Amino acid sequence: MIGRRAVLAVGLVGGLAISGALVWHSTGAVFSAATSNTGNQWQAGKVVIGTGTSSALFALGGTNLKPGDTGTQCITVIYSGNVLATVKMYESAQSGNLAQYVQLTVDRADGAGATDCSDFAALANPATVTTSSDLVWLRTNAGTYADGLSPWTASAATTKTYRFRYALSNSTPNSVQNETASATFVWEAQT
């Protein structure tokens with residue numbers, strides 16, 4: 001039989017456990033309030049760049065060239081993105097045995113100019129991009145965005161005109177008669 005002392009001990013322990021639980025529960029009560037701010041959204045900006053023409057800058061820029069022949073052509077580059085970006089020019093592709101003899105001088109100015117460069121001198125802030133660089137040198141030394149030439153900062157509606165002046169080198173050898181050269185120029189904007 002369970003003795004009176006045992007019943008008292010169990011009752012005492014049980015009573016302590018219940019009163020401890022009640023005390024613990026009552027100390028966990030707090031006042032609280034919360035607020036929220038809804039409708040938060042983010043949208044990425046965009047980088048948009050194009051040229052003022054869809055035709056080649058030099059579609060057979062010169063046919064039947066001989067050493068010393070020259071030519072000039074302009075192209076307009078338009079940035080219309082909505083975030084600041086850095087624009088660089090580079091030559092992404094080049095081919096042909098004549099490439100090492102085609103010398104380019106490239107200048108850049110603010111604004112839109114005529115494709116025949118007749119108004120280039122009137123454009124603002126002229127800057128030299130490269131001087132007397134042959135197509136092979138350009139492809140080797142400025143063939144990606146990382147090593148692109150003459151960076152400029154673009155913002156919404158920024159327009160630049162590039163003037164390309166080529167010359168077939170006076171040192172062009174007889175061995176490249178009737179040979180060709182081709183190049184792809186890229187203007188890339190990155191933010």
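## A buried lysine and its partner

At 10% relative accessibility, Lys 160 counts as buried (buried means under 20% relative accessible area, exposed over 50%, partly exposed in between, with a 1.4 Å probe and protein chains only). Its partner is Asp 110: the two side chains meet in a salt bridge, 2.4 Å from N to O. A salt bridge here is a side-chain nitrogen of Lys or Arg within 4 Å of a carboxyl oxygen of Asp or Glu. Lys 160 sits in strand 7 and Asp 110 in strand 4, 50 residues apart. Strands (E, at least two residues) are DSSP runs, as are helices (H or I, at least four), and both are numbered from the N terminus. Asp 110 is partly exposed, at 24%.

This is a predicted model, where local features need pLDDT of at least 70 and side-chain atom pairs count only at pLDDT 80 or more, while totals for chains, interfaces and linings use all residues. Residues are numbered from 1 along each chain as its sequence is written, and side-chain values use heavy atoms, leaving out hydrogens and water.

The structure holds four salt bridges. Arg 163 and Asp 107 form one of them, at 2.9 Å from N to O. Arg 163 is in strand 7 and Asp 107 in strand 4, so this pair ties together parts 56 residues apart in sequence. Arg 165 also bridges to Asp 107, with the closest N and O atoms 2.6 Å apart. Shared partners join Asp 107, Arg 163 and Arg 165 into one network.

Asp 107 is buried, at 7% relative accessibility. Arg 165 is partly exposed, at 33%.

## The disulfide

The structure has one disulfide, a pair of cysteine sulfur atoms within 2.5 Å. Cys 74 and Cys 117 form it, with their sulfurs 2.0 Å apart. Cys 74 lies in strand 2, and Cys 117 in the loop between strand 4 and strand 5. The two cysteines are 43 residues apart. Both are buried. The link is right-handed, with 120 degrees about the S-S bond.

## The nonpolar core

A nonpolar core is a set of buried Ala, Val, Leu, Ile, Met, Phe, Trp, Tyr and Cys residues joined through side-chain atoms within 4.5 Å. The largest one has 28 residues. Met 89, Leu 104 and Tyr 162 are among those with the most contacts inside it. Strand 7 gives the most to this core, with four residues. A second, separate core of five residues includes Cys 74, Ala 109, Cys 117 and Phe 120.
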